[in-house]
Each structure stands twice: as C-alpha cells, then as structure tokens.
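The exercises below are to be worked with the sequence and the 3D structure at hand. Each task is followed by a solution in steps.

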Amino acid sequence: MFEFRDVLYKDILDLPDLEIQAGIVTTLVGPSGSGKSTILRLLNKMTSPTSGKIFFEGKDLAEIPSVEHRRSVAMLTQSPAMFSGTVGDNLLAGFRFQQRPLPEETELQETLYNVHLNKSLASSAMELSGGEKQRLALGRVLLMDATVFLFDEPSSALDEDTERFVIERLTGQAKEKGKTIVLVTHSKAVAETYSDEIVEIAGGKVKGRK
Amino acid sequence: MKGIIDLTIPQILLAYVFVFVVLFIVRARGIKREREILLSSVRMTLQLILTGYVLIYIFENPHPLITIAIILLMEGFAIGTVFQKFKGKLSRKLKRVIALSMSAGTLCCLFYFLLAVVQISPWYDPQYFVPIAGMIVGNSMTGVSLGIKSLTEGMTMQKNLVEEALVLGATPKTATRDIINNTFDGAIMPTINSMLGMGIVFLPGMMTGQILSGIAPTTAIAYQIAIMLGILGSVSLSVILMLVLGYRTFFNEQDQMVDS
Ligand SMILES: Nc1ncnc2c1ncn2[C@@H]1O[C@H](COP(=O)(O)OP(=O)(O)OP(=O)(O)O)[C@@H](O)[C@H]1O
Ligand SMILES: [Mg+2]
C-alpha cells in the first residue's frame, strides 16, 4: 500500500525502505520524539519528504493531488482540534469539508456508540473532557469514506476498558471492510494484541519489525 | 453665501497654543512624548505647506502625466506604509498580493467614481482627481492593513483548526473560509460604523471643508454621500481581493501549510 524509498525528512526521519501492507493493522511503536507522528503526516501528505519518494498503491505521492489523497487516507491526529459547535457538528465536519451529502442521524448515533461516547449530538463539543474529545475526534475520522486509516495514539487519554472497547471496534470494523490501518501507540498491550505487524521506530529510523 | 475667512499667519500661530497645552500636560505628568509631539507638529506643518504649493502648481498646469505620477506615488506610498507596518511578518508572495489588490481595488473604484459618478472632464483634472484619490487610497490602505493583521493572526492562532480541516479532507479554501469571512467583516466594519455616525456624531472632513469654503451644504452633502459609497466599495474590493489571493500564500502547491 505504502512504500518509502530513500526518504529523508529534515534531520528527523531517515527511512531508506519501509513498506506498509494493505488490509492489515500495522503499528508503529517507539520512544517519544522518534518520529512516529511525522511518518503518519507523510503518509497522508500533510507534509512531504525533504528527499526521496513515497509510493501509494504504486503511484508517487508527489503526483497524487493532496486533498484527494487525504480523503482516502484519513488520519486521527495526536491532539485533534475541536471545532466550535455541538458534538454533531464535529461529527459532520469531514462531510462539510469534503462537501459530501450528510449521513442519517442513526449513523451518527452508531458512531458515538462505537467510540464509547455517551453524549447527545446536541451537546457542546467544547465542554467535553479530554478523553471524550479524543473519542469524538476518532468518531469524526471513522465516518470518513477512506480506504486507509491512520490513528495517532487513539487511546492515549482513555482508561483501559474504554481503550480495549474502542480499539477492538476500530480494528474489527476495519478488517471486516478490508481497510488498511496504521496505528501509533505507546501501549505494549494494544500493540501486541491488535496488530498484524509491529514496526519499531527509534531516532527516525526503523529499528525492527515483528 | 459669504466667502471663507482667509487665515493669516498670526492666526495660525494662535492655533499652536494647542500644542503648548499638550506639551504642558505631558511634561507635568512626566510622560516622555515631548519629542514626538513637537516633531509631528513640525512635520505636519512642513508637509502641508509643501503639499499646498505642489497642489497650486498642479492645478495651474494640469497634465495627464502629472496626474498619473501622483496616483502612482500615492499607491506606492500606501503600499509601502502597509509593508512597513508589518515589517518582517509578510512573505514575499503576500507582499505581491497586497500590492496587486490595493492597486487594482482602488484604481477600479477611483476611475469608476471620477468618470461615471462625478463625470469629470478631462479625466485627469487634478482638482478632482487628487483629493478623491487621496481619500479612496487612504481608506483602502487602512482597510487592507486591518485585513492583513487579522488574516495573519487568524492563520497563526487558528493554525491547528486549519490543519485539522485539511486532515479531514478540506481544500485550503474551505479550511480558511471562516478566517477569511471574519477578516473581511472586521476590515469593513470601521467604514460601516463611520457611515452610521455620519452627520449625527460627526461631520466628515471633506464635507466640513467644502462648507467652510462657502459651498452650499446640499452640494457638500451630495459629494459626501457619493464619496462614502466610493470608499466603501474600494475598501471592500481591495480587502476581498487581498483575501481571496492572499490565503493561498499560507499554503504550498501541495496544499500543505507553510511554516512561517
Ligand atoms: N514541524 C516540525 N518542524 C521541525 N521539527 C519537528 C516538526 N514536527 C516535529 N518535529 C520534531 O520531530 C521529532 C519527531 O516528532 P514526532 O512528533 O514525529 O515524534 P513522535 O514519535 O510522534 O513522538 P510522541 O510519541 O511524543 O508523539 C521531534 O524531535 C520533534 O521535535
Ligand atoms: Mg506523536
């Protein structure tokens, strides 16, 4: 699905060859500051490599229109920003930005359930707790019509039970629908339980794969 | 109608009493502004005397090239003032956008105003061209300044929201929609507010000047109404041009936000 060839990004990343396969859950682990988030940003073209190339389904990313690419490779950022308005407004943000027809309310309710967020669609997004905001942001991303999902520490602000529930749904659903997932996590348990492939990053380089 | 009372030099000197009052106040309170107050008074006096003589010369020798030179000078000065105000904060591309939108916005409105509304002839008649150009360019400069300030602040302070929108598949245009609309709103508000208060809270300068010089208030009012609308048009056009062209300078050709 993704192939890195001699990729350098500033003095942060040095990835001569890294491959991420389609249809599986790949997890990036590694110490803070090792470059995991930067890799995700490269994958959905929020930034581009200083040198080298990244291929997506065999095509050079530099040649794929960025906005279109971001619509098919959806990303949950590490500290997602909330838009003013309600929980519902935030769930619909992606649809509005992409000018897609809005979904039924039942689909939104279902998403709230899937991310374990017990709030009404009309409640204010700004008044949610940190973990609730994170789950809302996750729901917002899950609603996107993408083939690849990038999750940057989706469960860092969640307790263990909620974490298990959310990650299970997330990976389970994606697998059913044949989606590709790239996950960044600091949790050893999450990495070992849910991933098909674990990539260890340290100092901007690949240190190992399992 | 009686004519205007010509101010003699001793009379003008009497007006400097106000400067001494201000100097007295700041000195008594220990506010260190004497230098600026003196300097600004002297500069204003010299600049206006000079302008007076220049205008006399221009009015007596109307020439299209002189008029063109004056409008170019005004535009250059206005654009330079904006650049100076945001020194070091504007990218080269944004500067180009500012220059282009200010010139295009003001010139379109200016020529429409002079040729279609006032219908001056010849088109370069400096008696109309110069003061009206001054008002239109000056007000548009203030509007664009406000616009640049709020655009750059918006793009820095709401950078995370813009990024989030991009991540969620927005085009740069959609991602910056709110910032641009708020900026436009903020930039034309002063003009709209001054229109609201006009004639009640204050009498605008141009109208006051015309009335003092013995022109019938109705004529003065007609001019004031027209010029206010012209200013509103020119401010809006310059600012919206600056915004629709300017937002792009915060993104690269890969639709990624550029680090400032
Ligand atoms: N825009 C940027 N410009 C320059 N350096 C950056 C930029 N973004 C991140 N960095 C640096 O790149 C390095 C990797 O950052 P990154 O966010 O990818 O780490 P991470 O592995 O996700 O860390 P964490 O686990 O703490 O989230 C860090 O040293 C960071 O300071
Ligand atoms: Mg990170």
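A:Q98 has a relative accessible area of 7% and is therefore buried (under 20% relative accessible area, with exposed over 50% and partly exposed in between; 1.4 Å probe, protein chains only). The model is predicted, so local features need pLDDT of at least 70 and side-chain atom pairs count only at pLDDT 80 or more, while totals for chains, interfaces and linings use all residues. Residues are numbered from 1 along each chain as its sequence is written, chains are lettered from A and ligands numbered from 1 in the order in which they are written, and side-chain values use heavy atoms, with hydrogens and water left out.

**Exercise 1.** Locate A:Q98 and list what A:Q98 touches beyond residues up to four places away in sequence.

Step 1: A:Q98 sits in the loop between α3 and α4 of chain A; helices are DSSP runs of H or I with at least four residues, strands are runs of E with at least two, and both are numbered from the N terminus.
Step 2: With contact meaning heavy atoms within 4.5 Å, A:Q98 touches A:R71 and A:M144, as well as B:L168 and B:G169.

**Exercise 2.** Determine how α3(A) and α4(A) are oriented to each other.

Step 1: Take lines fitted to C-alpha atoms as axes, for helices over the stretch in contact, with angles from 0 to 180 degrees between N-to-C directions.
Step 2: The axes of α3 (residues 87-97) and α4 (residues 105-114) of chain A come within 11 Å and cross at roughly 100 degrees.
Step 3: That makes α3(A) roughly perpendicular to α4(A), the class for 65 to 115 degrees; under 35 counts as roughly parallel, over 145 as roughly antiparallel and the rest as oblique.
Step 4: A:V87, A:L91 and A:L92 of α3(A) make the contact with A:L108, A:T111 and A:L112 of α4(A).

**Exercise 3.** Describe the packing of α2(B) against α3(B), then the place of B:V22.

Step 1: The axes of α2(B) and α3 (residues 34-60) of chain B are 10 Å apart, at an angle of about 170 degrees.
Step 2: The two helices, α2(B) and α3(B), are therefore roughly antiparallel.
Step 3: From α2(B), the contact uses B:V19, B:V22, B:L23, B:V26 and B:R27; from α3(B), B:E34, B:I37, B:L38 and B:S41.
Step 4: B:V22 lies in α2 of chain B and, at 36% relative accessibility, counts as partly exposed.
Step 5: B:V22 also belongs to a nonpolar surface patch of about 570 Å², together with B:L14, B:V17, B:V21, B:F24 and B:I25.
Step 6: Helix α2 (residues 17-29) of chain B gives the most to this patch, with five residues.

**Exercise 4.** Is A:P154 buried or exposed, and which residues is A:P154 in contact with?

Step 1: A:P154 is in the loop between β7 (148-152) and α6 (160-176) of chain A.
Step 2: A relative accessibility of 2% makes A:P154 buried.
Step 3: Leaving aside neighbours within four places in sequence, A:P154 is in contact with A:L76, A:Q134, A:L138, A:I167, A:L183 and A:V184.

**Exercise 5.** State how far α1(A) is enclosed by the rest of the structure.

Step 1: The buried residues of α1(A) are A:K36, A:T38, A:I39, A:L40, A:L42 and A:L43.
Step 2: These are six of the eight residues of α1 (residues 36-43) of chain A, so the helix is largely enclosed by the rest of the structure.
Step 3: A:K45 follows α1(A) and has a positive phi, near 70 degrees.

Methods. Patch = residues over 30% accessible without salt bridge, like charges linked within 9 Å, V, L, I, M, F, W, Y side chains within 5 Å. Areas by Shrake-Rupley, 256 points an atom, 1.4 Å probe, with all protein chains shown as cover. Salt bridge = Lys/Arg side-chain N within 4 Å of Asp/Glu carboxyl O.
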